[in-house]
Amino acid sequence: MTVLGARGGMLDGNLSAYMVRPAGDDRAVLCDAGTATAGLVAADRAGALDDIALPPGTGLTRPGYVLTHTIRAYLISHAHLDHVAGLVVASPDDSAKPIYALPATLHDMSEHLFNWRIWPNFGDAGQAPTLGKYHYRALVPGRTEPLPGTAMTVTAWPLSHGGIESTAFLIAANGASVLYLGDTGPDTVEGGHRLDDLWRAVGPLVRAHRLKAIVIEASYDDTRPDRLLFGHMTPAWVADTLQDLARRAGGPSPLRGLTVLISHVKASLAEGPAPQEAIRRDLVRDAARDGLQDVRFVIAEQGLRLNLD
């Protein structure tokens with residue numbers, strides 16, 4: 001997994017985008033695309049793309065090659081701008097590929113982004129003329145689909161995000177999986193049970209230690225009141241929902257060795273420590289309080305590459 005964009009909110013050039021591919025395989029998918037080209041340039045500068053072979057004669061930079069050849073599909077959790085802006089602005093120079101999402105997200109993209117008013121319609125549905133570069137592929141919750149052109153499959157589940165539908169994607173290859181969650185609020189605050197439904201579904205993978213990593217957001221630190229979460233999480237809520245996952249997984253220490261990558265930390269213009277430092281501090285305290293010492297917490301940073309063997 002390579003982080004092309006780590007932040008939520010206003011830090012343009014570093015917004016939610018996570019590239020996933022099997023070890024030793026150059027065929028990847030991008031989970032959300034708030035940042036695309038700028039994230040690839042930053043990741044290349046950090047050396048995170050060095051193992052992707054650049055064939056001679058392409059006439060492309062490494063970021064250009066990865067955008068147009070390595071990334072075979074987009075998995076879009078929801079159509080908020082900090083999750084799709086990089087895809088939209090890269091579209092004139094991108095290669096043809098599918099966009100996988102739940103139907104509500106595809107509708108938002110075709111009706112409100114690629115509609116010849118906000119941006120030319122590079123999709124294959126919506127306002128005519130359709131340029132057809134991107135092929136919309138609607139996912140059915142809970143049904144596993146192959147990702148053509150890759151060695152991976154994807155299974156989607158809906159999440160609640162402050163009144164709109166977001167998505168969790170389980171990406172699997174070679175008997176192992178990673179779970180990417182788009183923006184989500186806690187079940188207690190959102191008034192539903194979508195996180196619990198997700199944990200019920202993936203609990204057996206956790207129990208078998210076949211789930212290698214979870215990407216989950218913590219937009220704010222623990223000082224944020226629930227009434228101002230707006231469909232987001234804090235470290236305390238992350239710890240709380242991971243306890244729920246552990247219960248669904250059962251068995252002794254079911255989360256031992258699990259990597260939890262904290263995404264979507266909201267950038268701040270205020271003086272003082274960076275927001276991710278407060279979130280890191282809260283995670284340490286909350287994990288110790290809730291018995292999650294066996295979990296490996298990592299704060300996402302642009303250019304970070306994680307090997308999850």
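The dialogue below goes through several features of a predicted model, one at a time.

Me: What should I know about the model before reading any feature?
Reply: This is a predicted model, in which local features need pLDDT of at least 70 and side-chain atom pairs count only at pLDDT 80 or more, while totals for chains, interfaces and linings use all residues. Residues are numbered from 1 along each chain as its sequence is written, and side-chain values use heavy atoms, with hydrogens and water left out.

Me: How many residues of strand E10 are buried?

Reply: Buried means under 20% relative accessible area, exposed over 50%, and partly exposed in between, with a 1.4 Å probe and protein chains only; strands (E, at least two residues) and helices (H or I, at least four) are DSSP runs numbered from the N terminus. In strand E10, residues 164–173, seven of the 10 residues are buried, so the strand is largely enclosed by the rest of the structure.

Me: In which sense does E9 pair with E10, and over how many bridges?
Reply: Two strands pair if DSSP finds at least two bridges between them. Strand E9 (residues 153–161) pairs with E10 in the antiparallel sense over nine bridges, and Leu 159 has Ser 166 in E10 as its bridge partner. The hairpin of E9 and E10 has two residues between the strands, and there Gly 162 takes a positive phi near 60 degrees.

Me: How many bridges join E10 to E11?
Reply: Six bridges join E10 to strand E11 (residues 176–181), and the two run antiparallel; the bridge partner of Phe 169 in E11 is Tyr 180. Asn 174, in the loop between E10 and E11, has a positive phi near 55 degrees although it is a residue other than glycine, and at 72% relative accessibility Asn 174 counts as exposed.

Me: At what angle do H6 and H7 pack?
Reply: Axes are lines fitted to C-alpha atoms, for helices over the stretch in contact, and angles run from 0 to 180 degrees between N-to-C directions. Helix H6 (residues 194–207) and helix H7 (residues 235–249) pack at an angle of about 55 degrees, with their axes 8 Å apart. That makes H6 oblique to H7, given that angles under 35 degrees count as roughly parallel, over 145 as roughly antiparallel, 65 to 115 as roughly perpendicular and the rest as oblique.

Me: Which peptide bond is cis?
Reply: The bond from Ala 128 to Pro 129 is cis, with omega near -5 degrees, and Pro 129 has its place in the loop between helix H4 (103–112) and strand E7 (134–138).
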